[in-house]
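Good morning, and thank you for making time for this presentation.

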Amino acid sequence: MRISASVLDAIGNTPLVELKSVVPPGCARVVVKVEGSNPTGSMKDRMAQAMIARAEEDGRIRPDSTIVEYSGGSTGASLALVCAARGYKLRIFSSDAFSEEKLVLMAALGADVRVIPSGDGLTTKGLINQMIAAAEEASRQAGCYWTDQLNNTDSVSGYHSLGEEIWQQSGGKIDAFVQSVGTAASLIGTTSVLRQHNPSLNVGAVEPAESAVLSGGKPGAHKIEGIGIGRHPPLWRFATVDEVFAVSTVDADTMALRLAREEGLFAGTSSGANVIAAIQIARRLGPGKTVATLLVDTGLRYLQSYGTQIKSAGKLKWL
């Protein structure tokens, strides 16, 4: 143990945990990377650090720059952390479609958060496009730099460490990897490293069943935050994956709560979707193989949403 020079030194090296209770008998081993252990409670700390560091190196960011981005909350909070540590101002365009906990976290870390009304609290292609347009317009102002997470290939390099950690922590025994798709940077960055170690790695992508555009369906409204933008993200490449899994919001929520109750792992809805897809692959591969996936963030970001479900289930009682 040593004293860290900055909070940024605490990013990465998160635990890899084997699931025991939620994985049915006769399946391959399923292991999850607990990315909620990062400083803001999300894997996005990795990509935010990479995007800012590389822009600093080549001069796109100056000491007096204002960073601009759109975000459902995770990227925004991670950028806020990095900007606070590095001394930059940050403006984030978000929406009330995303959890209040995320909006408050971004602001608490110093971001100037502009909230765009969704109307119905659902994530849609139109809402995402509004957020992107607002960030793009703000980036035209003098002294502003738009990290542009959807198109910024610097973000991919932030996840190379994730792939290397999974491989080393598993003892070099990963047969399949599963990840949900937002910008696709985490899927591509992690997979590129894992496939260097295992060229025959099976890779699964996950998307909301209500907006299964990667599976050839139409865009739709859903409530799995951080993924399913209603179109193919610019970084997406079909050649990266072997199969795509469409998981409903209800099923993802149910699995996320099962992970909390049965495994003691409290994560967000997209993490529940990841585990559902990982189990499907694990059933097919069978014993002796290992499937890895990500718990992309902490469930503490969704307390209001989970609280409604828990109350309706009678698990929270006032005496």
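Predicted model: local features only at pLDDT ≥ 70, side-chain atom pairs only at ≥ 80, totals over all residues.

Helix α9 lies across β2, β7 (176–180), β8 (202–208), β9 and β10, and runs at about 175° to β10.

Those strands belong to a sheet that I shall describe next. The sheet is open and has six strands, in the order β1-β2-β10-β7-β8-β9, with mixed pairing. At its edges stand β1 (16–18) and β9 (243–247), each of which pairs on one side only. From one strand to the next, the twist averages 25°.

Within this sheet, let us look at one pair of strands. Strand β2, residues 29–34, and strand β10, residues 290–295, are paired in the parallel sense over six bridges. Here Val 32 stands opposite Thr 293 in β10.

I now turn to another sheet. Four strands make up this open sheet, in the order β5-β4-β3-β6, and their pairing is parallel. The edges are taken by β5 (112–116) and β6 (144–146); each has a single partner strand, so one side of each is left without a neighbour in the sheet. Neighbouring strands here are turned by 20° against each other on average, direction ignored.

Strand β3, residues 66–70, runs parallel to β6 and is joined to β6 by three bridges. Thr 66 stands opposite Cys 144 in β6. A helix covers this sheet as well: α4, residues 125–138, lies across β3, β4 (89–95), β5 and β6, at about 155° to β4.

Let us step back to the whole protein. There are 10 helices and 10 strands. The radius of gyration is 19 Å, close to the 20 Å that the globule rule gives for 319 residues, so the protein is as compact as a globular protein of that length. The C-alpha trace spans about 60 × 50 × 45 Å along the principal axes.

Finally, how much space lies in the largest pocket? The volume is about 230 Å³. The lining has 16 residues, and the closest to the centre are Ala 97, Ser 99, Lys 223, Glu 225 and Ser 305. Two or more lining residues come from each of α3 (100–108) and α10 (303–312). The largest share, four residues, is contributed by α10. By class, the lining comprises four nonpolar, six polar and six charged residues.

Conventions: Residues numbered from 1 in each chain as written. Heavy atoms only, no water. 1 Å grid on protein atoms, 1.4 Å probe; cavity = no way out; pocket = protein on both sides within 12 Å on 5 of 7 lines; lining within 4 Å. Points joined across faces, edges and corners; volume = space filled by probe spheres on them. Nonpolar A, V, L, I, M, F, W, Y, C, P; charged D, E, K, R; others polar. Pairing = 2+ DSSP bridges. Axes fitted to C-alpha atoms, helices over the stretch in contact; angles between N-to-C directions. Contact = heavy atoms within 4.5 Å. Rg over C-alpha atoms; globule rule 2.2 N^0.38 Å.
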